[in-house]
Amino acid sequence: MPFVDRMVRVSLRTVTMNIPPQDVITKDNVTVKVNAVAYFNVVVPLLSVTAVENHVVATSQIAQTTLRSILGQANLDDLLVDRDSINQRLQTVTDEITSAWGGVPMGSVKQRVRAFLPVWAGSECGFEAWRAGRRCGGVRGR
């Protein structure tokens, strides 16, 4: 039984991957839509072919899952203010997972956050009332 039945070409150049928009519910129950860009490159070509079926697709899936997971653990304020720290956590988690596939490190993961607040949050009592859990237009916040 041959080890490899066909040759596979693996690029060692840096790949720029657009992560599709992800809907995330933050720790404080605000729905946000997040766009991201990931940069990675193959370090060990043999593992990128033998350890995972398709390292590009797998890297995209891990980046999406990690993005939703990490951002779901943060409050909206943290997402908007503490981007560098969140990006570092995203990079650390994805690097750890993808290194088993031939050291396909994520050079960087950059996200752009757009918040979608509940419709009533923009009413007279506003977002602060909603955050404090007070009644707002007949609806109780958080």
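Biologist: Is Asn18 buried or exposed, and what is its relative accessible area?

Modeller: Asn18 is exposed, because its relative accessible area is 58% and the label "exposed" is given over 50%. Please keep in mind that this is a predicted model. Asn18 has its place in strand E1. The C-alpha atom of Asn18 is separated by 4.7 Å from that of Val37, although these residues are 19 apart along the chain.

Biologist: Which label does Met17 receive, buried or exposed?

Modeller: Residues under 20% relative accessible area are called buried. Met17 has a relative accessible area of 10%, so Met17 is buried. Met17 lies in strand E1, as Asn18 does. For the protein as a whole, buried residues make up 38% of the 142 residues.

Biologist: How many helices and strands does the protein have, and what pattern do they follow along the sequence?

Modeller: One counts the elements and then reads their order. The protein has five helices and five strands. Read along the sequence, they give the pattern β-β-α-α-α-α-β-α-β-β.

Biologist: Where does Leu79 lie, and what is its relative accessibility?

Modeller: Leu79 lies in helix H3. Its relative accessibility is 0%, so Leu79 counts as buried. The C-alpha atoms of Leu79 and Thr26 are separated by 8.8 Å, and these two residues are 53 apart along the chain.

Biologist: How should I read helix H4, and which of its residues are buried?

Modeller: H4 covers residues 83-98, which is 16 residues, and reaches 22 Å from its first C-alpha to its last, close to the 22 Å expected at 1.5 Å a residue. Its buried residues are Ile86, Asn87, Leu90, Thr94 and Thr98. Seen down the axis of H4, the buried residues fall within an arc of 100°, so they line one face of the helix. The face turned away from that buried side carries the exposed residues Asp84 and Glu96.

Biologist: How many salt bridges does the structure hold, and which residue does Lys33 pair with?

Modeller: The structure holds one salt bridge. Lys33 forms this bridge with Asp23, and their closest N and O atoms are 2.9 Å apart. The pair links distant parts of the chain, with Lys33 in strand E2 and Asp23 in strand E1, 10 residues apart. Lys33 is partly exposed, with a relative accessible area of 22%.

Biologist: Which residues form a nonpolar patch on the surface?

Modeller: Val43, Val44, Leu46 and Leu47 form such a patch, with about 330 Å² of accessible area together. Leu47 is found in helix H1 (residues 45-50). Leu47 is labelled partly exposed because its relative accessible area is 35%, which lies between the limits of 20% and 50%.

Notes:
Residues are numbered from 1 along each chain as its sequence is written. This is a predicted model: local features need pLDDT of at least 70, side-chain atom pairs count only at pLDDT 80 or more; totals for chains, interfaces and linings use all residues. Side-chain values use heavy atoms; hydrogens and water are left out. Helices (H or I, at least four residues) and strands (E, at least two) are DSSP runs, numbered from the N terminus. The expected span of a helix is 1.5 Å times one less than its number of residues. Buried means under 20% relative accessible area, exposed over 50%, partly exposed in between (1.4 Å probe, protein chains only). The arc is that of the directions from the helix axis to the C-beta atoms. Patches are made of residues with over 30% relative accessible area and no salt bridge: like charges are joined within 9 Å, nonpolar side chains (Val, Leu, Ile, Met, Phe, Trp, Tyr) within 5 Å. Accessible areas come from the Shrake-Rupley method with a 1.4 Å probe; for residues, only the protein chains shown count as cover. A salt bridge is a side-chain nitrogen of Lys or Arg within 4 Å of a carboxyl oxygen of Asp or Glu.
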